[in-house]
Amino acid sequence: MTRRNLLVTGVAATAAAATAARLAEQYGLVPPDSGGIYGPGETLTYAAQRLLTGNSLAREFPTSKISKSPYPNGKPPADELFKSLQANGFADWKLSVEGMVARPATYSLAELRALPAKTQITQLACEEGWSYIAEWIGVPLSHVLTVAGILPQAKYLVYSSSALKSRRWDSLDLAEAMHPQTLITYGMNGGDLPVGHGGPLRLRVPRQLGYKSHKFLTTVSVTDKLKGRGSSAADGAYSWYAGI
Ligand SMILES: Nc1nc2c(c(=O)[nH]1)N[C@H]1C(S)=C(S)[C@@H](COP(=O)(O)O)O[C@H]1N2
Ligand SMILES: [Mo]
């Protein structure tokens with residue numbers, strides 16, 4: 001690039017970022033990690049994707065495309081509570097639905113399995129560049145949230161394994177939380193969800209990168225305010241919004 005081109009591009013990019021920031025503000029599409037050096041880029045990506053692609057669907061695949069050996073990334077929780085729950089076949093695993101809802105609730109796996117189920121064959125793509133395709137089965141998160149009754153001032157869904165010793169947490173805007181493909185999954189490729197892939201319970205967010213699909217899910221909480229940059233990953237070096 002010549003100096004002049006660089007200058008023109010720089011000015012144009014700054015103007016675009018400023019316009020994007022104004023539009024984002026107007027539409028309520030400012031992500032929680034909008035501050036800092038990468039903030040304008042985060043805002044641009046989030047607002048542009050939301051405005052342009054809206055509630056579009058993640059790609060779904062035929063059975064023939066299911067990966068033969070999906071990669072289980074990382075280790076199951078090492079704490080005693082997880083081990084004792086596992087030893088008991090996760091019969092006492094609980095999902096807590098809390099925060100800004102009219103009717104907080106807890107569900108056992110058996111109770112979740114009794115709710116209307118949805119199956120999808122989608123790709124999990126890690127930010128590191130690898131991916132796999134699998135079939136997941138679970139309850140749409142929207143179902144559980146609708147039953148709980150989201151209060152009008154709510155804006156986000158925070159999710160974690162807070163019942164275990166895990167500091168990892170994440171969040172979604174309500175458009176993503178209520179999206180028909182966002183599932184609370186308990187099964188994968190025809191069997192129970194393996195511990196290697198987050199069993200017994202995992203949130204699948206197929207429209208975003210793999211790290212948003214939190215494993216060992218114990219808690220979903222509706223809120224109007226997020227702590228920090230909106231997730232433990234975004235407090236590190238990751239984007240809060242990881243749309244693909
Ligand atoms: N609880 C928990 N969830 C997690 C992770 C983790 O370490 N702990 N890793 C994330 C990342 S970075 C990716 S890419 C996917 C990997 O999913 P997999 O193990 O099914 O391949 O899980 C995500 N969810
Ligand atoms: Mo990842």
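E176 and R50 form a salt bridge, with 2.9 Å between the closest N and O atoms. The model is predicted. Two salt bridges are found across the interface of domain 1 and domain 2. Seven residue pairs are in polar contact across this interface, both residues of each pair being at pLDDT 80 or more. By class, the side of domain 1 that touches domain 2 comprises four nonpolar, four polar and two charged residues.

The domain assignment of the protein chain places residues 1-57 in domain 1 and residues 61-235 in domain 2. Ten residues from domain 1 and 14 residues from domain 2 take part in the contact. The C-alpha centres of the two domains are 29 Å apart. Between domain 1 and domain 2, an area of about 870 Å² is buried. Carbon and sulfur atoms give 40% of this area. On the side of domain 1, P32, R50 and L57 supply 52% of the area buried against domain 2.

The largest pocket was examined next. About 560 Å³ of space lies within the largest pocket. Its lining consists of 28 residues. N73, G74, R168, K215 and F216 are the lining residues nearest the centre of the pocket. By class, the lining has twelve nonpolar, nine polar and seven charged residues.

Methods. Residues are numbered from 1 along each chain as its sequence is written. Chains are lettered from A and ligands numbered from 1 in the order in which they are written. This is a predicted model: local features need pLDDT of at least 70, side-chain atom pairs count only at pLDDT 80 or more; totals for chains, interfaces and linings use all residues. Side-chain values use heavy atoms; hydrogens and water are left out. Domain bounds come from an automatic or database domain assignment. Contact means heavy atoms within 4.5 Å. Buried area is the accessible area (1.4 Å probe) that two parts lose on being put together, summed over both. A salt bridge is a side-chain nitrogen of Lys or Arg within 4 Å of a carboxyl oxygen of Asp or Glu. A polar contact is a pair of N or O atoms within 3.5 Å; within protein, one must be able to donate a hydrogen and the other to accept it, and residues adjacent in sequence count only if both atoms are side-chain atoms. Ala, Val, Leu, Ile, Met, Phe, Trp, Tyr, Cys and Pro count as nonpolar, Asp, Glu, Lys and Arg as charged, and the others, Gly among them, as polar. On a 1 Å grid over the protein atoms alone, a cavity is a set of points where a 1.4 Å probe fits but cannot get out, and a pocket is an open set with protein on both sides within 12 Å along at least five of seven lines; lining residues have an atom within 4 Å of a point. Grid points are joined across faces, edges and corners, and a volume is the space filled by probe spheres set on the points.
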